[in-house]
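The sequence and the model come first.

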Amino acid sequence: MDPISIGLIGIIALLVLIFLRMPVSFTMFIVGFVGLFLFMGKEAAFNVLSADIWGQFSSYTLAIIPLYVFMGEIIFRSGITQNLFDAAYKWLGQFKGGMASTTILASAGFSSICGSNTATAATMGTIALPELKKYKYDPAISAGSVATGGTLGILIPPSTVLIVIAIQTQQSVQDLFAAVLLPGFLLTTLMILTVIFLCQKNPNMGPAGPKFPLKEKIKSLRGVIPVFVLFAFVIGGLFYGLFTPTESGAFGAFGALIITIAMRKFTWQRFKDALDSTIRSTAMVLFLVVGAVVFGRFITATRLPFAVAEFVSNLAVPSVVILIAILLIYVIGGAIMDALGFLILSIPIFFPAIIALGYDPVWFSILLCIVTSLGGITPPVGVNAFIVQGISKEIPITTVFKGTGYFIVTYTILVAILILFPEIVTFLV
């Protein structure tokens, strides 16, 4: 049997195990190891375990994941996010749909020091959903704004997804963080414009709130200064070369502790809860990385990625058609299984094909991050939608997905803009 056929059989076996509900990380590890064992022999298979995985885990860059996750967990459990919501509401609440716009803007602010879509959705859902209900917002727009705002958690730096992409594709974390800043700002703006459009079209969806005096608006900014100082210090120091990505994560975690202690939000219980959640989240991501290393070595050994790249580059269609087709595969894959898991297992297959077409790897990485974040709100697996439904049990899951459906158009517009104007991504790199 030729190597490419073996690679295809491995992918089929992978998909079968995934649909049998085996965790993606274990699936990639088992298929990759068994494939290497049968295709290249016992020595090659165990060499991946002893050398490649050790080399990956001894990487200095990998330490950035638990550090950034811990920073977000400390801020999440300190209650500082209430200040973000209050400040955003005083500035935007007076407009139609202002409370929903507030939720999105506060989600963006929390994302700047979190890096997790689920933590962002859970935090803002707990704060915003009772307020949205009190002001008689339409349940769909309420749930949709919380769930979709949460997706900014893996787009706005520090993003664990971008870190994983950087590790898998051997790119600079700093470059990807810089590249995603403008798209993150643009997506936040488009989300708010989507809410305004919907509420202008149907004012009952999101009635306007009270108008606050300018003095009170300015006063509300005091509560968010610590968060933005932390973001500016961590990301700004990284961009200006004051410290490495891993060092920025360490400074961020330390800064988050200092802020919570200074604001008298620190307790030992919150500290232990943050550590526990950080260990769980980090273990999940690292197991995915292990599975990706083993599966990636197997797929590379079969030469399947190179065959796909050669096939794609020889197709008699415009390269943008192939790009859109690959992005649609990611959208569908993220809709039917864990989006991060699908991203990790598919990068070794599709990334070489995109590079063969001449596309910029940084630009494509940002597009991947965007479509991966979309997986958090698309049925049937959209984890953010289920988090929102779990917080507000009176809202049916169908209503939540109806609300997130409004913003799928927003994502489509963003991807189209970035394809037409790639310099938006590469401008700051």
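At 25% relative accessibility, Glu 131 is partly exposed, where buried means under 20% relative accessible area, exposed over 50% and partly exposed in between (1.4 Å probe, protein chains only). The structure is a predicted model, in which local features need pLDDT of at least 70 and side-chain atom pairs count only at pLDDT 80 or more, while totals for chains, interfaces and linings use all residues. Residues are numbered from 1 along each chain as its sequence is written, and side-chain values use heavy atoms, with hydrogens and water left out.

A salt bridge is a side-chain nitrogen of Lys or Arg within 4 Å of a carboxyl oxygen of Asp or Glu. The count by this rule is 4 salt bridges, including those in the table.

| Pair | N to O distance |
|---|---|
| Glu 131 and Lys 134 | 3.4 Å |
| Lys 133 and Glu 394 | 3.6 Å |
| Asp 276 and Arg 280 | 3.0 Å |

Lys 133 lies in helix α7 and Glu 394 in the loop between α19 (383-391) and α20 (397-420), so this pair ties together parts that are 261 residues apart in sequence. Helices are DSSP runs (H or I, at least four residues), numbered from the N terminus. Lys 133 is exposed at 58% relative accessibility, and Glu 394 is exposed at 52%.

Glu 131 and Lys 134 both belong to helix α7 (residues 117-134), 3 residues apart, about one turn of the helix. Lys 134 is exposed, with a relative accessible area of 51%.

In helix α14 (residues 268-301), Asp 276 and Arg 280 are 4 residues apart, again about one turn of the helix. Asp 276 is partly exposed at 39% relative accessibility, whereas Arg 280 is exposed at 59%.

Methods: Helices (H or I, at least four residues) and strands (E, at least two) are DSSP runs, numbered from the N terminus.
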